[in-house]
Amino acid sequence: MAFFAVSQTAFLLAVLSWRISQSEVLVEHLPLTPESLTVSINSTLQHLHLQWTVHELPYQELQMVFQIEISRFETSKVIWMGNYSTTVKRNQVLHWSWKSELPLECATHFVRIKSTVEDARFPELRFSSNWSSWEEVHAHTPGHDIKLIFPRDKLVEEGSNVTFCYNAGINQNLSCYLDSELIHGEQLYSNIFTFKLNNVPFIREAGTNVYCAVNYALKDGTVLFVSKVLEEPKDFSCETQDFKTLNCTWDPGVDTGLVFDGQPPQHYTLFESFSGEKKFCEHNNQCSWEISPDLQETYNFTLTAENYLRKRSVSTIFNLTHRVHPKAPSSVHFKNIGATNATMTWKIPALGNYSTLLCQIELRDKENALQEHNVSIKVNGEFLFSELRPDTQYVVRIRCANAKHVWKWSQWVTQPLVTAEAVPSKALDVWRRVKSEKGLLHVTIFWKPLSKFHANGKILFYNIVTKQLDKKSELKFQSIPAPANGTELTLNQGSYQIQVTANNSVGTSLASEIVISRDSGNEEVEEEKINGTKDGFHMSWKPQSRGRTGYVVDWCEHQRNLHCDLQWKNLGPNNTSTVISSDAFKPGIRYNFRIYELSTEKIAYLIENRTGYIQELAPLDSPEVKALNLTSHSFTLSWKDYDTEAQRGFIQGYRVCLKSKATQCHLDAVEELLPDNSTCCKHDISNPKQKTFLVENLQPESFYEFFVSSYTSAGESPVGTFTKVMTQDEHSHMLMRIILPMVLCVLLIAVMCYWKSQWVKEKCYPDIPDPYKSSIFSLIKSKENPHLTIMNVKDCTPDAIEVVNKSEGTKTPFIGTGKTLTESEFPKPANFYLLPAQDSSVPGPCISFVNHTYRETACDSSSCAHTPVTDTALPCQLRLLASPDNLQKTLEKTHRDSQGEIPAGEISLNYVSQLASPVSGDKDSLLISSPVPVLCSEYKMQTVVPSCLDSTVLSDNGSLSSVTLLGQGKHYN
Amino acid sequence: MAPSCLFPGVMPLLLVLHWKHGAVSPLPVTSVNATCATRHPCHSTVMSQIRSQLAQLNGSANALFILYYTAQGEPFPNNLDKLCAPNVTDFPPFHANGTEKTKLVEMYRIIAYLGAFLGNITQDQKLLNPSALSLHSKLGTTADIMRGLLSNVHCRLCNKYHVAHVDVAYGPDTSGKDVFQKKKLGCQLLGKYKQVIGVLTQAF
């Protein structure tokens, strides 16, 4: 029994021992297959999340590699294989995720896994396990709506790729769109189509519709949200102003937020690694961090920006004292402000005893920094400014920083500073102009205002003190309020000393002195021309005296204005040339410069006079020209009143432009083409003083047009209107020489005739008496026949002629005075004769009348005599006279007799009418004493015969006969 | 009618008057025998006011519909038949040939349904289309008129027909839906609203 028991025990031990050894061998060769594999889905992230364990790990930990296979639709369609290496601890649940490009809702996925121990410490365990069983997973689609397109409300970053899938039937005409844009797709599986969008752009915050249609019938849609890519925060820094709070700031970059629940804006968290504290930042660009009371010296901050898709972090590490940014100084004031110095005080908000502050002070004028100072302070600061200018406005600004380590300066604090006034530091620059007029000196004093630098304050007024040097007199004071720059003084003839000072509220400047001599204002210096250049007017002069203290050149900047704006330039005694330049100088304006020499007595003597243009221009206008002395071959042009002073350059001459029909110009002229394409002959007058021009060699009775222009060195005046002129007729002057005297003569004769008209009438054509109105009738009518109108010859009583001796003295008055016989001393009418007419055609006796007025000439020539003619003798005589020969002879004889063959005064023939009253000597008495009736009466036509032919004809026998030439058959009733 | 989208229940009219935007949960059920009471007596022209409000809603319904689907972008404007068809299955019925009381009760249900859903749409659109201000304004105005209409209908029912309570069904809950489904559902409801408000206007 014992043996049985022992052997049984031994057997059991042996078995146990074998079991133990066998068990160790089995443990060494366990496959370590992953177990409890579960697969979950994150549809939003499209993640397959794997979770498994490795049972009976022989050691506490092993380095293992897990091979993972993922299939889609079917287990055989492996779409991904990969390894996952990790250290596996005993009883550890392992996790691993895989991201699917395809939305997980579109397909069933299968996962299996196996492991391999790859731990160098345990090379004997290097073998692979079996595959786990396939784990099937399919995404759950929430809701009860039929959804065909996935993913729903997908959120991606701009530029990323996204795949849509559509669960549709087979062989369907499917088309999908992104915001109306067709997306190309492919069939992934029997009823699954995929549409891949690469590098999607950001379209809008509200998302973009993606939709699919089958046979153009919309089936389903979803919204794709594309956000901007989260950027890393920029310029991340932290600083403190009071050692209590750290203010961290950064530039967040673009906002990645989307509307609805697509994605909120990114949020920021601040983590400090030394303290391990973390803070969620309320703002997207700044965060405040409370400094602990123990004053942690070093900080290491990490700023993390995060949205649904991404995280971005930046870090900074710093010493707190190196990040001090003091607040701006406060209570900045000035005290003890003088003309050249001032004290500034300020305060800095307390930083405790942690820091010494360095303050930077700047003194500036309007533009530039004049002084810069650095001052170290704890809390209160004070600084003395010196070397300031009086009455000057400054700007002082101050800022502070940590003296040990300048991280950032505080904000500038600016405060204005105005220094006090001081006495003007410079004498005025004074000049004068003097006019001597009617025994008085009109002195105009000019001064240049002191610059702000020298005025040292606001100039309130100018004092002028005038002192006559010739005789002792009181000083004359005059105060001119600012901002005047001159004044006028009227002084008696003499020498004067004038002092001018400028005054501000503090004091008076040094006096400027000038002396007006007795001769001032009367200087006459010849004017010289100068030419200006771009730099100005260069002028030089010769010194006049040795005892000079300097020169002054003055000129008017606005030459043509009433207020000429006198300028002057002071020059030293050794200067004999200068350049006068000014921005006010304009081309085309003449400027006059006067050069004065200053004597030691401060008297200015005019030494030279210059005039010129900074740039000459062509004249603007032409002279007004008159044409004078117009003849048939020439005329003279004259333009006496042309104002050359007002021109825009020195007039160098004139050009006469003459237009005519002549095709060629004279030798002294040049043909020139005018703007209107016409030509003219241009004569040049190079002497500007010549203001007349003789245009000659012209054609008579021709039109000419002329125009006179002036020219300077810059050019010629513009062509204006041509004046027309016509030359005279060549013979017109001759005609004038003849016609004019003739007209004058005619006029003279006419006047004379008018004046002597009565006399001429009496002499040449006296009044013809009407025989029917003769006074004879009155005598006859009254006695015999009151109705008698024509005297009958029978009624005539022949008169007798008696010859009487008469003294000479009685003859002349009759001729010369022209008085009627009744008025002369002849007592009886002597010039009547009665001639018995015996004409064959007129029977009976007739009375013939001869008007004695026609016989005056004959009588005047002393050849007239009334001779009684018998009745028989008259026809004979008439016949003789009718013959031309006889008439000629008779005339000659009569003429000869009138030349003196019959001496006047010796014998006188007196006609005695029978009707005449012997007692009455006047006409009236004659008419009354003619009572004899007349049978017939005939009036003989009276004809004017030169040289008394009509009245008296000498017969051949030398007897005198009175002849009346009668027209035959012509009777006047 | 999908049970999850409809929350039938008896709601006191007074509580209905205090309905707000986005109220989607059913109001507490009160006793059927609760006394009908209004704070103020109905105006004699309440029916006229109801007709006027209906006309006002009818006049603006199409413009609201157009504004809505335009703001949603493609494919909505060109697929109205698919996306905005008024085939809302759980929509409260209306019988135009019924009595005034019946019609008023049915209209009350419809306006309550639409009013609640309009609140949801307004809230969604302010988030989805923050720049569509005219749409937001139009939605707000429509909701205001609906509240006034609901008050008048309640007054009429209470005073004339002594109806103290009406079973009310709310519209579908959009909170769990994706954005495209929300857009689509809103468009469908507004299409339905445009259609039914015309019927209501004709019926009164």
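**Figure 1. Arg432(A) and the rings of Trp431(A) and Tyr596(A) in the predicted model.** In this predicted model, the charged end of Arg432(A) sits over the ring of Trp431(A), at 4.8 Å from the ring centre. Arg432(A) also lies over the face of Tyr596(A), where the distance to the ring centre is 5.0 Å.

**Figure 2. Stacked rings of Tyr59(A) and Phe122(A).** Over all chains, the structure holds 34 aromatic pairs. In the pair shown here, Tyr59(A) and Phe122(A) have ring centres 3.7 Å apart and planes at 15°, so the pair is stacked. The pair links distant parts of the chain, 63 residues apart. Tyr59(A) belongs to the loop between S2 and strand S3 (61-72) of chain A, and Phe122(A) to the loop between strand S6 (109-117) and strand S7 (135-137) of chain A. Tyr59(A) has a relative accessible area of 30% and is partly exposed. Phe122(A), at 13% relative accessibility, counts as buried.

**Figure 3. Stacked rings of Phe301(A) and Phe318(A).** Phe301(A) and Phe318(A) form a stacked aromatic pair, with 5.9 Å from centre to centre and 25° between the planes. Phe301(A) lies in strand S22 (residues 298-306) of chain A and Phe318(A) in strand S23 (residues 311-319) of chain A, so the pair ties together parts that are 17 residues apart in sequence. Both Phe301(A) and Phe318(A) are buried.

**Figure 4. An aromatic cluster in chain A.** One aromatic cluster is formed by Phe537(A), Trp555(A), Phe585(A), Tyr591(A) and Phe593(A).

Figure 5. Most residues other than glycine have a negative phi, and most peptide bonds are trans. The peptide bond that joins Phe150(A) and Pro151(A) is cis, with omega about 0°. Pro151(A) lies in the loop between strand S8 (149-150) and strand S9 (154-157) of chain A. Asp153(A) is found in the loop between S8 and S9 of chain A as well. Asp153(A) is not a glycine, yet has a positive phi of about 50°. With 24% relative accessibility, Asp153(A) counts as partly exposed.

**Figure 6. Cis peptide bond between Ala482(A) and Pro483(A).** Ala482(A) and Pro483(A) are joined by a cis peptide bond, for which omega is about 10°. Pro483(A) is found in the loop between strand S34 (476-481) and strand S35 (486-492) of chain A.

**Figure 7. Positive phi at Gln46(A).** The phi of Gln46(A) is positive, about 55°, although this residue is not a glycine. Gln46(A) is found in the loop between strand S1 (34-42) and strand S2 (47-54) of chain A. Gln46(A) counts as buried, at 3% relative accessibility.

**Figure 8. Open four-stranded sheet of chain A.** Four strands of chain A form an open sheet in the order S27-S26-S29-S30, with antiparallel pairing. Strand S27 (369-377) and strand S30 (413-418) of chain A are the edge strands, each pairing on one side only. Neighbouring strands of this sheet are turned against each other by 20° on average, direction ignored. Strand S26 (residues 357-364) and strand S29 (residues 393-402) of chain A pair in the antiparallel sense over eight bridges. Within this part of the sheet, Glu362(A) stands opposite Arg397(A) in S29(A).

**Figure 9. Lys228(A) and Glu158(A).** The C-alpha atoms of Lys228(A) and Glu158(A) are separated by 5.4 Å, while the two residues are 70 residues apart along the chain. Lys228(A) lies in the loop between strand S16 (217-227) and strand S17 (234-240) of chain A. Its relative accessible area is 26%, and Lys228(A) is partly exposed.

Figure 10. An unreviewed UniProt entry places the feature "transmembrane region" at residues 734-755 of chain A. In the model, this span is 100% helix and 0% strand, and its end C-alpha atoms lie 32 Å apart.

**Figure 11. Helix H4 of chain B.** Helix H4 (residues 100-128) of chain B has 29 residues. From its first C-alpha to its last, H4 of chain B reaches 40 Å, close to the 42 Å expected at 1.5 Å a residue. Of the 29 residues of H4(B), 22 are buried, so the helix is largely enclosed by the rest of the structure.

Conventions
Residues are numbered from 1 along each chain as its sequence is written. Chains are lettered from A and ligands numbered from 1 in the order in which they are written. This is a predicted model: local features need pLDDT of at least 70, side-chain atom pairs count only at pLDDT 80 or more; totals for chains, interfaces and linings use all residues. Side-chain values use heavy atoms; hydrogens and water are left out. Helices (H or I, at least four residues) and strands (E, at least two) are DSSP runs, numbered from the N terminus. Buried means under 20% relative accessible area, exposed over 50%, partly exposed in between (1.4 Å probe, protein chains only). Two strands pair if DSSP finds at least two bridges between them. Axes are lines fitted to C-alpha atoms, for helices over the stretch in contact, and angles run from 0 to 180 degrees between N-to-C directions. Rings of Phe, Tyr and Trp (its six-membered ring) pair if their centres lie within 6.5 Å; planes under 30 degrees apart count as stacked, over 60 as edge-to-face and the rest as tilted. A charge sits over a ring if NZ of Lys or CZ of Arg is within 6 Å of the ring centre and within 35 degrees of the ring normal. UniProt positions are given in the numbering used here, feature names are shortened, and annotations may be inferred rather than shown by experiment. The expected span of a helix is 1.5 Å times one less than its number of residues.
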